[in-house]
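The sequence and structure are shown first.

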Amino acid sequence: MIEKMKFLTITGPKNDIDRVVDEYLSKYDIQLENAFSELKNVQNISPYNELNPHKDSLAKINALADLVKEIPCKERKLTAEESLAVLEQVESELNEIQEKKDDIEAGLAAAQALLTDIGHFRSIPYCIEDILHFQYVKFRFGKIAQEDYETFEKYVYDDLCTIFYKGQSDENYVWGVYFVPAEEADKIDAIYASLHFERFYLKDTYHGTAEEACQDLEDDIAEYTAQLNAVNRAYQKKLEEHAADILSAQRKLITLSENFDIRKLAACTKTKQETFYILCGWMTEQEASRFAKETEKDDKLYSIIEDDHNDIDSQPPTKLKNPKIFQPYEMYTRMYGLPAYNEFDPTIFVALTYSFIFGVMFGDVGQGLCLFIGGALLYKLKRINLAAIISMAGFFSTIFGFLFGSIFGFEDIIDAVWLRPIEHMTKLPFIGNLNTVFVYAVAFGMFLILLTMIFQIINGLKSHDMENTLFGTNGIAGFLFYGSLTLTLFLFMSGHPVPAASILGILFGLPLLAMALKEPLTAVIEKKAKIMPENKIMFFVQTFFELFEVLLSYFSNTLSFVRIGAFAVSHAAMMEVVLMLAGAENGGSPNWLVIIFGNIFVMGMEGLIVGIQVLRLEYYEFFSRFYKGTGREFRPYRKVKTQ
């Protein structure tokens, strides 16, 4: 079912728009349209251009809200002024803490950098401060690759006027410092450089030996870390203190920003005395009536409710409203496409036919109850629409399980209320014995095809599509032809006399002729000057092949429903295989482990296949006949929470 929509045009003084949005529109589900586009034929109209003053404040409060969203707290209502005051206060207090944190982090980073530099030389037993102030002896801190150091130590070191103190080392490098007389520095530096010695410079901030300097720095790092932890705790505590205010302010600023952004969809018009805003959009009929009643005494607001949708450029949006038991099936409708506003909503039809056909194809009391209970529990816990569909399908499977006399594949526990799918046969003229389920499946399919043709006729009348309504394959002509064929087959197969050949010729011939000549006939009805195309030979050749394709499609679509009976039979056959593997086909003591896992396998694999096949029938055999799914969803600018 689709809710009826009304188009509203709302206007008032430009400086009053915020009051109207906050006082009225925020309480109703309304899909706003671009007023400048909708009212483009109106003179003296312009877009409502104004920058959102809440944008920066909202960005700041959103960043704070992300930090406190996991903190349990009770929100409260705030005014715009209170929300901005909260933001200013919290920012001020947090910025003060953040400045302390930045200073501590800077000190910590500096100490860690100094420790990293001096840490490679902890084993050097000399005062680093003294080394850095040598005047007559040059020193060089750095590192050298392991293989170069081995070469240096073995072949070069003993012949040089230098002292190398080794610090830390790893598998790649050896760190250390070498000393050299000032007059020999250039020569020795060149030799070290040839061995790829990489020099770096220590800062003049160390005291004592390298080991003492490292200990001092480690103490400093520990102190900085303790201070940083304390500041982080203070920051978190401050957030916890203001969590409720932050979230409350966020909600208010979001509302203010959304309300202000409505200006993007508004238009303005000027008179000699004043400038007015114009808003327009869609409401449900019930909501529009409530809105009109509430605002009728407001002398600053004027609203017009349009009843004739033909005067409106935009297509009315679609808002589905189905009973709760059918709402999960809206998922299947949306997957194909939302119905247009004047189109037939197939949700209830899908719910009934999908569940019914699934039950026929998967008829078993035990397995049906498992699907019914499991799906219901999953839907109750997780609110998954597919779980509700599975539960309803399981309910119909249980019903047909009783009709077929099957419980977890066992067919000797209860009697079949109707028939056994594998065993029961029906004798038909010219065909002989045929499985009864197949016969009923095809008959049921023919009934549903006729029903979907009625839906197409209704949709065609709503959309004023006379050609397809009167002469289409699924219109009145198609319905008369296929209905006559169905009635004739039913009379013949049931042994009743069929109409005379002349009557059958009229019943079959006239609808086929109407379908073949639908374009010229439509032109006659619509009183067009040109009735027949210029190339008449090509027209009749094309019409012949199109008519042949139509007859072929009727035949193939009808036979497509054989799959309903085929799956009912195959389900029973698969369970017979499970019972045979479990040793229970002759009434013996079964292997219950095989029975359990066999039922689980059949429920999983065949249940999935049946579900897909039924959905295929819905889309390709039903929807393709009457349903387009070209609607646009009703999207209110702000979803109002219902109590």
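## Basis and terms

A residue is buried if its relative accessible area is under 20%, exposed if over 50% and partly exposed in between, with a 1.4 Å probe and protein chains only. Helices are DSSP runs of H or I with at least four residues, numbered from the N terminus.

The model is predicted: local features need pLDDT of at least 70 and side-chain atom pairs count only at pLDDT 80 or more, while totals for chains, interfaces and linings use all residues. Residues are numbered from 1 along each chain as its sequence is written, and side-chain values use heavy atoms, with hydrogens and water left out.

## Helix 19

Helix 19 spans residues 536-559, 24 residues in number. From first C-alpha to last it reaches 35 Å, close to the 34 Å expected at 1.5 Å a residue; the expected span is 1.5 Å times one less than the number of residues.

The buried residues in helix 19 are F539, T543, V550, Y554, N557 and T558. Their cover includes helix 14 (436-463), helix 16 (476-493), helix 17 (501-516), helix 18 (518-525), helix 20 (562-581) and helix 21.

## Aromatic pairs

Rings of Phe, Tyr and Trp (its six-membered ring) pair if their centres lie within 6.5 Å; planes under 30 degrees apart count as stacked, over 60 as edge-to-face and the rest as tilted. The count by this rule is 49 aromatic pairs. One of them is Y336 with Y619, a tilted pair at 5.1 Å centre to centre and 45° between the planes. This pair links distant parts of the chain, 283 residues apart: Y336 is in helix 10 (residues 330-336) and Y619 in helix 21 (residues 592-626).

Y336 is partly exposed at 30% relative accessibility, whereas Y619 is buried at 13%. Y619 also pairs with F623, and this pair is tilted because the ring centres are 5.4 Å apart and the planes at 55°. Y619 and F623 are four residues apart in helix 21, so about one helical turn separates them. F623 is buried, with a relative accessible area of 0%. Ring pairs join these residues into a cluster whose members include Y336, F344, F349, F455, Y619 and F623.

## K101

K101 lies in helix 4 (residues 80-119). K101 is buried yet has no salt bridge, defined as a side-chain nitrogen of Lys or Arg within 4 Å of a carboxyl oxygen of Asp or Glu. The nearest side chain of opposite charge, E105, is 4.3 Å away; Lys and Arg count as positive and Asp and Glu as negative, with His and the chain ends not counted.

Leaving aside neighbours within four places in sequence, K101 is in contact (heavy atoms within 4.5 Å) with L228, V231 and N232. K101 also lies over the face of Y235, at 5.9 Å from the ring centre; the rule is NZ of Lys or CZ of Arg within 6 Å of the ring centre and within 35 degrees of the ring normal.

Definitions and conventions:
Helix = DSSP H or I, 4+ residues; strand = E, 2+ residues; numbered from the N terminus.
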